[in-house]
Amino acid sequence: MTFSYTIPPGLPVEIGHAVWVPFGEKLLQGVVLQLTEKPTVEETREIAGIIDSRPVLSPQHVLLARWLSDYYLSPIFDAVAPMLPPGFERRALTFISIAPSASEQDISPLNRQDKEAFELVRKRGRIGLAELEKAFGQRKAKALVSRLVKKGFFVRSYEMEPIKVKPKKETYLGMAIESAAALSATESLRKKRAFKQADLLDFLAQKQAPVAWSEARQALNCTRTAADALISKGLVSVREVEVTREPISYTDIISSQPLTLTRAQQLAFEAIQSSLREGVASPSVFLLHGVTGSGKTEIYLQSLAEAVKLGKRGIVLVPEIALTPQTIERYASRFPKRVAVLHSQLSLGEQFDEWQRIRNGEFDVVIGSRSAIFAPQPDLGLIVIDEEHEWTYKQQDKSPHYHARSAAIKLAELTGATVVLGSATPDLETFYRAQRGDYRLLQLSERVVPTEGSALPHVQVVDLREELKAGNRSIFSRALSQATSRALAGGEQVIFFLNRRGGASSVQCRSCGAVFRCRRCDIPLVQHPDREALVCHQCNYRTPVPRICPQCRSPRIKFLGIGTQKVEQEAGSAFPQARLLRWDRDVTQGRRSHDELLGKFRAHKADILIGTQMIAKGLDLPLVTLVGVIIADTGLNLPDFRAGERTFHLLCQGAGRAGRGTLGGQVFVQTYSPEHYAVQAAAGHDYALFYQKELAYRRELHNPPFSRLARLVYSHTNDTCCQQEAERMKRLLSAERDSKGIADITLIGPAPAFIHRLRGKFRWQLVLRGSGLSDFLSEVRVPQKPSKTIFQGWTVDIDPVGLA
């Protein structure tokens with residue numbers, strides 16, 4: 001919710017300003033969202049001051065935040081938060097001290113715990129509430145502090161927590177005397193045997209310009225004592241210089257020139273160019289549907305160059321897992337020193353510097369993951385969303401549960417920018433809107449790598465049921481095994497793709513049938529051979545691999561299913577001559593892990609790359625001639641109406657890594673469901689077939705794009721309470737719908753969520769299907785308490801990307 005404050009005379013407050021405001025006894029941060037002649041309440045307090053002389057939000061971002069809050073039913077501050085400078089938010093810290101009058105009071109009536117707390121505070125003089133919570137527990141500490149404040153023993157005070165991030169400053173040393181005097185001073189120092197000082201003074205004199213202390217220290221291996229001595233003698237000056245934390249290293253990046261476009265590329269570029277030149281056009285949203293390797297990135301680059309030529313700037317979104325050095329290099333080589341990067345792997349300092357420089361207009365292009373759509377890029381003219389079908393563009397872990405594609409289209413509407421959505425396998429709802437005319441469809445049907453008109457890789461579907469009948473128990477079919485041997489013998493590279501990490505996907509006792517499950521989540525534990533542990537992929541709980549069953553004491557433990565680590569083991573046995581490299585979340589925890597793995601494989605220091613969906617996104621590896629999809633069925637049978645679409649996307653994207661060089665390529669898709677339309681369409685690179693089949697399925701069940709969905713999830717440590725609340729909510733929503741005579745909203749459930757228990761809490765869900773769901777849900781209130789929302793404790797997800 002928002003609060004009203006008075007602007008004191010002489011304070012130049014604008015919409016978007018970050019300000020200090022009194023709130024009870026605290027001084028808090030706030031952001032100005034609206035200016036009015038009259039307040040909405042009778043009594044208001046004055047704004048205490050402005051934090052930054054420049055607004056932290058533009059008027060367009062304020063409107064975007066309001067839209068996010070209204071559409072996704074999130075608190076307004078949650079919607080504003082992703083747009084604020086990194087490290088901006090600072091909490092008010094509570095401190096406890098003894099009340100002045102407490103020394104005259106008798107503490108004997110206090111209980112033992114209150115006395116202990118009193119003595120601790122008296123001994124320390126002043127103590128943070130967090131420290132008391134650590135000593136007594138969170139609930140008990142808050143309760144005893146409230147009691148002792150009420151009784152006059154304690155008083156509270158508040159302070160803002162320290163600033164999280166500041167501009168980085170580096171110490172520079174320079175000459176404070178002329179060169180001739182420096183020569184004389186150096187000789188004098190050597191005579192006094194102050195050799196370190198003499199060396200440093202001589203080093204600075206030769207440089208003839210201020211030098212970073214870190215550089216001088218490394219060059220001379222001297223200590224700060226020597227520098228301080230020279231400063232105190234007036235021979236050397238010192239100053240602090242603000243430096244930029246630069247996330248992109250241009251050392252190995254070579255400037256590149258625009259490529260000659262094919263006829264199809266030229267037509268697509270000209271359509272985007274026309275929109276950029278005309279400003280707001282209808283439609284200003286383009287869907288660039290091009291097969292893998294068709295040159296979509298070159299169109300993005302030339303469209304961005306056109307925007308820059310017109311005095312505008314751009315934002316490019318890519319999925320987090322596709323934000324590799326190779327991707328960044330493509331943009332940085334075309335716009336040297338004019339590309340900003342924003343993603344979660346940057347340090348807070350790097351994010352802070354990039355954000356400030358973006359706001360200052362120092363970059364033509366901002367490239368980043370989902371939240372980069374909120375970058376303060378001025379003069380925004382073009383927004384590109386690569387791999388627009390990716391479900392990682394949807395924020396699912398916290399409020400607001402926005403989709404970056406929807407946010408981008410809304411931002412473009414507010415700024416007059418053009419939007420380009422690109423994909424080899426567009427989201428079905430996006431393609432439907434393009435077919436309907438809401439978006440303009442641009443198509444690239446042929447590859448341009450390695451040459452124009454290059455064939456897409458041949459895909460062979462392998463029926464694993466037939467492999468079993470033939471007695472093949474290996475995870476590699478006979479055809480895949482033979483093709484891999486041929487590729488390796490020819491000095492080519494191979495990718496094995498399986499979208500499941502770990503070793504065995506479950507562990508079971510063969511005597512009593514017990515499956516080893518997470519103690520906090522209702523899912524099986526996954527065996528990780530490299531850690532010799534069973535791991536929960538939801539909460540990261542881990543336990544050693546058992547030797548005997550804890551229930552029946554039987555040693556007959558069986559490891560079932562496979563993950564990337566199992567594939568790595570099997571590949572090592574089947575192809576002992578091959579050098580293996582695994583690329584999944586377990587081996588990419590380090591900040592530079594992706595860079596190192598990609599560099600190693602590009603340099604042909606490995607023959608076979610084994611990985612999850614990370615390796616299916618945007619990698620251009622010319623020596624890869626063979627891709628083997630180990631099991632295509634991993635997500636095909638999930639209880640989610642988008643399961644077929646996700647499988648199709650992954651198979652097509654994975655297959656697209658093959659045949660990008662002059663050697664051509666082939667793909668083997670191993671599956672137990674070879675007849676499934678998603679597998680068949682992917683094998684034929686046939687998006688039209690998949691779209692036709694999937695759309696008919698969606699129309700029959702009235703699923704998106706023929707309706708909208710909202711997913712409501714309630715969590716509680718008690719399963720019965722959770723179920724009762726879900727049933728109560730259904731009754732309340734049904735009554736609200738019926739009272740308003742709304743015919744097109746249906747309620748599905750309540751039912752246990754697919755993962756019924758997650759991180760110690762049971763989960764029940766309710767799904768709404770229809771239209772106008774945000775408006776409907778926003779108007780529902782608790783009976784007898786119309787000002788109170790009914791969704792306390794609920795997670796509300798508008799337009800969820802999955803129901804499992």
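Predicted model: local features only at pLDDT ≥ 70, side-chain atom pairs only at ≥ 80, totals over all residues.
View 1. Helix α15, made of residues 428-436, lies across β12, β17 and β18. Its direction is at about 115° to that of β12.

**View 2. The open sheet of seven strands.** Reading across, the order of its strands is β14-β15-β13-β16-β17-β12-β18, and the pairing is parallel. Which strands stand at the edges? They are β14 (339-342) and β18 (440-444). Each has a single partner strand, so one side of each is left without a neighbour in the sheet. On average, neighbouring strands of this sheet are turned by 20° against each other, direction ignored.

**View 3. Strand β9 and its antiparallel partners.** Here we meet the antiparallel sense of pairing. Strand β9 (residues 168-175) pairs with strand β11 (residues 236-243) over eight bridges. Look for L173, which stands opposite V238 in β11. β9 is also joined to strand β10 (residues 211-212), again antiparallel, by two bridges. In that pairing, Y172 has A212 of β10 as its bridge partner.

**View 4. A salt bridge between R359 and D52.** The model has 44 salt bridges, and this view shows the one that R359 forms with D52. The closest N and O atoms of the pair are 3.0 Å apart. R359 belongs to helix α13 (residues 348-359), while D52 sits in the loop between β5 (49-50) and α1 (59-72), so the pair ties together parts that are 307 residues apart in sequence.

**View 5. The second largest pocket and its lining.** This pocket holds about 1100 Å³ of space. How many residues line the second largest pocket? There are 34, and those closest to its centre are T2, F3, Y5, G30 and V31. Two or more lining residues come from each of β1 (5-6), β2 (18-23), β3 (26-31) and α2 (76-80). The most come from β3, which gives four residues.

Key
Residues numbered from 1 in each chain as written. Heavy atoms only, no water. 1 Å grid on protein atoms, 1.4 Å probe; cavity = no way out; pocket = protein on both sides within 12 Å on 5 of 7 lines; lining within 4 Å. Points joined across faces, edges and corners; volume = space filled by probe spheres on them. Pairing = 2+ DSSP bridges. Axes fitted to C-alpha atoms, helices over the stretch in contact; angles between N-to-C directions. Contact = heavy atoms within 4.5 Å. Salt bridge = Lys/Arg side-chain N within 4 Å of Asp/Glu carboxyl O.
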